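Welcome, and please open your viewer. We will take this one stop at a time, with something to select at each.

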Amino acid sequence: MSQWTPTSWQDKKVAQQPTYADSASVETAVKALSSLPPLVSSWEIETLKSQLADAANGKRFLLQAGDCAERFADCTPERITEQLKVLLQMSLVLVHSTKRRVIRVGRLAGQYAKPRSSDMETIDGVTLPSYRGDLVNDIEFSEIARMPNPNRLLRGFERSAMTINFVRALIDGGFADLHHPEYWDLGFVEHSPKASEYQAIVASIAESLRFMETLAGEAVGAINRVEFFTSHEGLHLHYEQAQTRQVPRRDGWYDLSCHFPWIGARTTDIDGGHIDFFRGIANPIGVKIGTHDVTIEKLLDVLHPNNEPGRLTLIHRYGAEKIADELPKLIDAVKATGKQVLFISDPMHGNTKKTDRGIKTRNFDSILLELEHSIDIHKSMDSTLGGVHVEVCGQNVTECTGGARGLDEAGLGDAYETLVDPRLNYEQSIELAMLVGQKLG
Ligand code: PEP
Ligand code: CO
């Protein structure tokens, strides 16, 4: 294979990149980004890698969750707090029921670039570039807003830095009321036919936390400082390249824009720029696997040549209808290589539907069904489902149907905010964690 450098991807065919009007200003932005301090350290990245290796062996469980697309406008203390809260609460539910330590990874502090099925969008006879995430352009449908703007690379990086800084501060401060389910917003519980089961789960989490506090003689928040890692789709390769460095006293190159970048389902071309970029970085990486054309053996040859523990996570996302046919083939293909990967399930991206009125949605029951099938199929094939990858929002948005409150299609208009894919709202997220936890426990 040819020599790798952080820029060697530029010699390949690269899918899903914006077309900038002026390449000199892209160079200027990349240069500026390259000189800024990184968002994460190689020590944290290596810690995460070893924890992911544990998850592949069934000793830990990965919860990767957050927005489909972060928005610049959401870089506020309220929104960040609520995202962190729903993630940490889901993880506590999972810790409790799986009795495994949970690795918490946010789709956060950099999830600003989006792949699109089409380069252009036409509304009422006007054709403009598609929205590719706030890192590239603005959602507003006007010529100026949709023009890809390289300055946004810097604006996105700065917001990522502010986000991660605030997350670290909240976590260092203990974020104590997380540990008291009596302060959680669990009003939905009583609306479910499973109300008494849910109440029992909450009571039992509260009880075990009180027990730990009594033993420790201080608040659990203070003794049990949680670890938190960041991730985003490594889509915009100039952005990733600019933060990819060698660090003192370690071999290899690290992408320091986040701990755990992943390759999206639309950019897995084995000869393409994304696979080339990812093969050279030392981070643990994820690859989304759907019904797109990928040869697992080749993929693992290139991205996982040394079978390094924790290096590669395959995030399968087939949809509830296809998983029973597709997942066994994936598991067999990986087994045939003799290598180990971490398998996690993304039950969101194969279950997107449009309502009759053209609204993108997902149904809670399909999401749950795909997860349940994933758990069963891995178990029956002597394999391990080591985590879940979900799109969630800490607020009570109305983007996915179903859940305890039985949100229907007519209710989707009430608080539909997402710029790209529909997310589980706060209540649906906690409910999903409870149900998946029970199935895994
Ligand atoms: C995503 O995670 O938001 C996404 C676009 O997923 P996928 O690459 O699996 O389609
Ligand atoms: Co999405």
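Helices (H or I, at least four residues) and strands (E, at least two) are DSSP runs, numbered from the N terminus. This is a predicted model, in which local features need pLDDT of at least 70, side-chain atom pairs count only at pLDDT 80 or more, and totals for chains, interfaces and linings use all residues. Residues are numbered from 1 along each chain as its sequence is written, chains are lettered from A and ligands numbered from 1 in the order in which they are written, and side-chain values use heavy atoms, with hydrogens and water left out.

**Stop one: a strand residue**

Select Leu 312, which is found in strand β10. Is Leu 312 buried or exposed? With a relative accessible area of 1%, Leu 312 is buried (buried means under 20% relative accessible area, exposed over 50%, partly exposed in between, with a 1.4 Å probe and protein chains only). Now show what Leu 312 is in contact with, leaving aside neighbours within four places in sequence: Ile 285, Val 287, Leu 300, His 304, Val 341 and Leu 342. Contact here means heavy atoms within 4.5 Å.

**Stop two: the cobalt ion**

Select ligand 2, the cobalt ion. Which protein donors does the cobalt ion have? They are Cys 68 (SG), His 349 (NE2), Glu 391 (OE) and Asp 421 (OD), lying 2.1 to 2.4 Å from the ion. Donors are N, O and S atoms within 2.8 Å of the metal (3.2 Å for Na, K and Ca); water is not among the atoms, so sites may look incomplete. Along the chain, the donors of the cobalt ion follow the spacing C-x280-H-x41-E-x29-D. His 349 is buried at 17% relative accessible area, and Asp 421 is buried at 8%.

**Stop three: two helix pairs**

Select helix α3 (residues 77-98) and helix α13 (residues 426-440), which pack at an angle of about 15° with their axes 8 Å apart. Axes are lines fitted to C-alpha atoms, for helices over the stretch in contact, and angles run from 0 to 180 degrees between N-to-C directions. That angle makes α3 roughly parallel to α13 (angles under 35 degrees count as roughly parallel, over 145 as roughly antiparallel, 65 to 115 as roughly perpendicular and the rest as oblique).

Next, select helix α1 (residues 23-35) and helix α5 (residues 151-172), packed at about 25° with axes 8 Å apart. These helices are therefore roughly parallel to each other. Ala 29, Ala 32 and Leu 33 in α1 meet Leu 153, Leu 154 and Phe 157 in α5.

**Stop four: positive phi**

Most residues other than glycine have a negative phi. Select Gln 16, in the segment before α1, where phi is positive, near 65°. Gln 16 is buried at 17% relative accessibility. Gln 16 is also among the residues touched by Thr 267, which lies in the loop between β8 (260-263) and α9 (273-279).

Finish at Asn 307, in the loop between α10 (296-303) and β10 (312-316). Phi of Asn 307 is positive too, near 55°, and Asn 307 is partly exposed at 30% relative accessibility.
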